[in-house]
Every structure is written in structure tokens, then in C-alpha cells.
Amino acid sequence: RIHFTNAINRIVQKGWLNRDDLVDSFRMHQVLQELTIFKLKPNTSNCHKLIDVIKNKVYEVLLGNPFLSLDYSKYTERLVQIMEKQHNKDVAILASYTATIFETMGYFEKGLKYSLLDLKISEKILETNDSELAITYNDISLLYLKTGRLDQALSYAQKALDIRLETLDESHLELADSYNNIAVIYDALGNTEKDLEYSLKNLQIHSNLGDPMDYKLAIASECP
């Protein structure tokens with residue numbers, strides 16, 4: 001341990017590591033980072049503890065104070081960049097968390113980039129009707145909606161709906177969520193008839209689940 005500490009101190013003295021006493025950690029010089037990656041060849045097996053720590057911390061921050069999550073994006077981005085070709089569930093989760101971080105901060109294009117990467121990996125490791133794929137399709141749809149690309153938004157929303165129609169009970173709330181998202185897209189497209197069709201499907205599910213007053217009020221709001 002003494003030998004290791006002395007070695008770390010020598011690297012710090014040479015400027016390859018910067019000590020951050022406030023968080024008891026080190027910041028590594030870019031050249032040393034690349035050399036470490038080249039020598040160690042990190043993957044999801046030998047870095048699983050690091051991945052778990054970062055996943056848990058990002059999840060905790062997103063639930064607590066999402067605006068602090070941007071501080072962690074540099075870690076999730078770097079891990080995804082290094083490991084994206086490994087087609088592993090952990091990498092897909094990291095890509096999804098990275099997308100969520102950027103979406104939360106209003107960087108929708110960057111969020112879309114990592115949601116699409118999450119999808120690219122997930123489509124290789126999941127069944128075509130997996131519920132997690134439906135969630136990813138839905139997330140991508142919403143990001144396309146936020147960036148004004150309505151045709152792409154509708155396409156991915158429909159993919160999410162198709163999976164949910166195949167795998168869920170007809171009164172499941174996730175199905176209602178898909179109907180609502182498609183209604184919002186049709187509203188943005190100016191297609192009032194389709195907007196109303198999917199809004200009523202959404203409201204019918206909520207009514208079936210015991211929300212009749214909200215259901216009736218929402219229907220009334222659709223009327224001219």
C-alpha cells in the first residue's frame with residue numbers, strides 16, 4: 001500500500017494526476033487516460049464495479065436533483081464511447097441515462113443521439129417485443145417531438161404502441177401513455193380527427209381504471 005501511495009504521489013508531482021481533496025479523487029491527464037485505456041482495454045467485465053457505481057449514482061441524482069446530473073455526463077459519455085461496440089445491457093443503460101441527463105438539461109439533440117445508441121444496442125440483445133424496447137421507442141419519439149421532427153416522432157411512437165398492443169392488457173396504463181403520446185403528435189401535425197381518436201382511447205383506459213370524472217371532463221374539453 002505504501003508503494004502504491006508513493007507511486008500515485010510521484011504521478012501527481014509530474015502533473016499527470018490532479019488531486020481533488022474535496023471529493024477525495026483524482027483527475028487524470030487526457031494522455032494518461034488514453035494510455036490507460038490502450039493498456040487495460042476496459043470492457044463491461046473488468047469495469048463492472050465502476051459501471052455499477054456510476055449507474056447507481058446517476059440514477060440517484062436523476063431522482064433527487066436532476067440538474068446536478070450534468071456533472072456525471074462526462075463519465076457516462078466516456079464509458080459509452082469506449083464500450084458501445086460490446087452490445088451489452090449495461091452499456092445500453094448507460095446510454096439511456098446519458099440521454100436522460102441531456103434531455104433533462106434541454107440538450108435534446110444530444111439526448112436523441114444517446115437514445116438512438118441505446119436503441120441500436122437494445123435491438124441486438126432484446127426480443128423484438130420486449131417492453132424495454134417499447135420504452136426506448138417512446139423516449140425517442142418524444143425527443144423527435146421536442147426537436148420538431150413530427151414524422152419520425154409518430155413512427156417511433158407507433159413502434160412503441162405496436163409492442164404494447166401485443167404484450168399488454170388492453171387497460172394497461174402504458175398503453176394509455178402510448179395513445180396519449182400519439183394524440184399529442186397528431187395535434188402537433190394539425191390532424192384533429194386522429195388527435196381525438198387516440199385521446200379517446202387514452203381516456204377510455206383511464207375511465208376503465210376508475211377515473212370517470214376526469215374522463216368526462218377531458219372529453220368535454222375536446223368538443224368545440
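Modeller: Let's begin with a charged side chain. Glu 60 has a relative accessibility of 48%, so it counts as partly exposed (buried is under 20% relative accessible area, exposed over 50%, partly exposed in between, with a 1.4 Å probe and protein chains only). Keep in mind that this is a predicted model: local features need pLDDT of at least 70, side-chain atom pairs count only at pLDDT 80 or more, and totals for chains, interfaces and linings use all residues. Residues are numbered from 1 along each chain as its sequence is written, and side-chain values use heavy atoms, with hydrogens and water left out.

Biologist: Which residue does Glu 60 form a salt bridge with?

Modeller: Lys 57, with the closest N and O atoms 3.4 Å apart. A salt bridge here is a side-chain nitrogen of Lys or Arg within 4 Å of a carboxyl oxygen of Asp or Glu. Lys 57 is partly exposed too, at 31%.

Biologist: Where do Glu 60 and Lys 57 lie?

Modeller: Both are in helix α3, three residues apart, or about one turn. Helices (H or I, at least four residues) and strands (E, at least two) are DSSP runs, numbered from the N terminus. An α-helix has 3.6 residues a turn, so residues three or four places apart point the same way.

Biologist: And Lys 55, what does its side chain meet?

Modeller: The side chain of Asp 52, in a salt bridge of 3.7 Å, N to O. Lys 55 is buried, at 12%, while Asp 52 is partly exposed at 32%. Asp 90 is linked with both of them in a network of salt bridges.

Biologist: How many salt bridges does the structure hold?

Modeller: Eleven. Another of interest is Arg 164 with Asp 177, at 3.9 Å, N to O. Arg 164 is in helix α8 (residues 150-167) and Asp 177 in helix α9 (residues 173-189), so this pair ties together parts that are 13 residues apart in sequence. Arg 164 is buried at 4%, and Asp 177 is partly exposed at 33%.

Biologist: Back up a bit. What does the secondary structure come to?

Modeller: Eleven helices and two strands. The order from the N terminus is α-β-β-α-α-α-α-α-α-α-α-α-α. Of the 224 residues, 33% are buried.

Biologist: On to packing. Which residues touch the most other members of the largest nonpolar core?

Modeller: Tyr 137, Ile 182 and Tyr 198, in a core of 24 residues. At least two residues each come from α6 (108-125), α7 (131-146), α8, α9 and α10 (192-208). A second, separate core has 19 residues, including Leu 62, Leu 79, Tyr 114 and Ile 121. A nonpolar core is a set of buried Ala, Val, Leu, Ile, Met, Phe, Trp, Tyr and Cys residues joined through side-chain atoms within 4.5 Å.

Biologist: Which residues is Tyr 198 in contact with, beyond four places in sequence?

Modeller: Gln 158, Leu 161, Tyr 179, Ile 182, Ala 183 and Tyr 186, where contact means heavy atoms within 4.5 Å. Tyr 198 lies in helix α10 and is buried, at 9%.

Biologist: What covers the buried residues of α9?

Modeller: The cover includes α7, α8 and α10. Among the buried residues of α9 are Leu 175, Tyr 179, Ile 182 and Tyr 186. Just after α9, Gly 190 takes a positive phi of about 85°.

Biologist: What about Thr 76, buried or exposed?

Modeller: Buried, with a relative accessible area of 0%. Thr 76 is in helix α4, residues 70-83. Its side chain makes a polar contact of 2.8 Å with that of Thr 98. A polar contact is a pair of N or O atoms within 3.5 Å; within protein, one must be able to donate a hydrogen and the other to accept it, and residues adjacent in sequence count only if both atoms are side-chain atoms. Beyond four places in sequence, Thr 76 also has contacts with residues including Ile 54, Val 58 and Leu 94.
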